[in-house]
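Subject: Structure handover

Hello,

Here is the structure we spoke about, with the sequence alongside.

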Amino acid sequence: MLHNKKETANIKRRIKNVAWILLACFLVIIFRLWYLQLIRGNQFRDRAKSNRIRLIHINAQRGCIYDRYKNVLVKNVSSFNVLAVPNGIKDIGATVKLLSEILGLERTFIMRKLYDLNSKEYSGIKLASNISLEKVILIEERGSLLSGIFIQIEPRRKYILGESAAHITGHVRQIRKGKIEKKQYHIFQYNEFKGEGGVEEAANDFLKGSDGGKQIEVNSKGEHVALLVEKKPERGSNVILTIDKHMQEFVSKLLEDKAGAIIVMNPQNGDILAMASSPSYDPDIFNAPVLQTNLNALGKKAAPLLNRAISALYAPGSIFKILIAAAGLKYHVVTCPQKLECKGHLKIGEGIFYCWNRSGHGYMNMRNAIKDSCDVYFYRLGLLLGVNRIVDFADKCGFGKLTGIKLPGEKSGLIPDKNWRKKRAWYSGDTALLSIGQSYLLVTPLQLVSLISAVSNGGTIYRPRILLQTQPERIGKLPCSKKIIGEIRKALCEVVSDKGTGKFAQIKGLEIAGKTSTVQVVKMKHTRKYRKIPYKFRDHAMFVAFAPAKNPQLALVVVVEHGGEGGKVAAPIAKQIFKWYMKNRTIF
Ligand SMILES: [Zn+2]
């Protein structure tokens, strides 16, 4: 028994010992866990994060844009941005105060930027972009007081002609991209430059090049540890336009303080030499992050972003008589010497349709009818042709469809074809109005210059060309014989003679052919004093022309919205363009 008691005491002691050892081990483990999780926790978390790989986007430089003589229209310049890396700023109060003085920014604005997590990029927070060289120097001089503040150099688009060619060049807009976080990858926000409008959009794939990037390893403070992979950006290709820079500048000035469009074309190949649309805009305002004040200024103009040359739709008015005359000869419903009577008005159905000359032109042959732009002659001719033949002829001349110019936003216009006419009743009066280019007909200035180009070159319709690196392209033929086109050309020369409606385009020593057009915006009595008519109700003034008449090198269209009479307003503008060409391009 004694032996047993001793043994039992022994076992109890051993158990106690083991328990103490277990307790000690347990305490050690607890302590270790406490130490690792609470004391060293942040450190380990940081180390885990420090394995992160960051992808940094590098924008390729866009290609430049040149005119036909290799003058620069759009290039890249360096822009200076101010970046902040908050971790590196020592005295935040003093830094913000000094920066606000140099940059002229509110202190609260800078503070908000610094604490806005969304604006954080690997390279820093952008506080200001495109600052002046003077400000760059001030910041560099105070470098020691501005730790954590850096100057970043970034390429920026420079539009040499600014507003004068904004609808041709277009602009680039910076689009925020990125913000993607995938497992161990961090792609930080970057700005993608996207062409918008004009050639910047049409040739964006050429111009943009190929962006590059870096894969880097960074530590917990975001500091660069190692470069893993690098893809160098490839610069975009240059683009050469058919535009003549100096002519473009001159032509756009002619539309200053007016709304409208001018297009100058080489009728021998369809090259666009100048294309202006007014009002215009400064393409530079989209360069920086767009400021509301800039956009507000834009909003005060009437549709400044619209390229009226290719996207605005107008009734062509009397310019359409060129087409009706050619169709009349083609279908033998009239001959050149044949006379039709104008009494100043014509009764069609229940309605009375007037000539612009209320007292009547009397008996007129085709040449005189074109020269004086007699409305009644063309009402009669149109009724003899019938709407189907007119629409068919217009379709073959390129109306109602896109020309396919390599610019975004081109409109096709409208010719009231059979399907369209099924939707509403069509009367003889509609055919008469169609014959003088009114009714439901809608065309772009580009279609008008294409028509007059084809008339000038003997009938070939070229695709209007803006990129010199593409080939000239014939896309159609006027649907009538060269002999008919010759007759029309003779009549168009008389329009710009002493007694024609286009006489204000006359230049000594240069034979110009053309056609005026005054397009009614609303019906009103002719007796009203012009100055008393509100702007928006005034007629559109138009003129198409080409020169020299026998060997044409220039064809053009001038549209002045609410400008009044075509002969008095648009023809003198055309005259200035021909004069400029004679003086500066000496090809005649
Ligand atoms: Zn008449």
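In this predicted model, L323, I324 and A327 in helix α12 meet R389, I390, F393 and A394 in helix α15. Sorted by class, the residues of this contact are six nonpolar, one charged and no polar.

Helix α12 covers residues 321-330 and helix α15 covers residues 387-396. Their axes come within 10 Å, with a crossing angle of roughly 115 degrees. Angles from 65 to 115 degrees count as roughly perpendicular, and α12 and α15 are therefore roughly perpendicular to each other. The crossing of α12 past α15 is right-handed.

The second contact is between helix α14, residues 375-385, and helix α17, residues 428-435. Here the axes come within 8 Å and cross at roughly 120 degrees. That angle makes α14 oblique to α17. The two helices, α14 and α17, also cross in a right-handed sense.

On the α14 side, the contact is made by F378, Y379, L381, G382 and L383. On the α17 side, S428, T431, A432, L434 and S435 take part. The contact of α14 with α17 has six nonpolar residues, four polar ones and no charged ones.

Regards

Methods: Residues numbered from 1 in each chain as written. Predicted model: local features only at pLDDT ≥ 70, side-chain atom pairs only at ≥ 80, totals over all residues. Axes fitted to C-alpha atoms, helices over the stretch in contact; angles between N-to-C directions. Helix = DSSP H or I, 4+ residues; strand = E, 2+ residues; numbered from the N terminus. Parallel < 35°, antiparallel > 145°, perpendicular 65-115°, else oblique. Left-handed = near helix turned anticlockwise from the far one by under 90°. Contact = placed C-beta atoms within 7 Å. Nonpolar A, V, L, I, M, F, W, Y, C, P; charged D, E, K, R; others polar.
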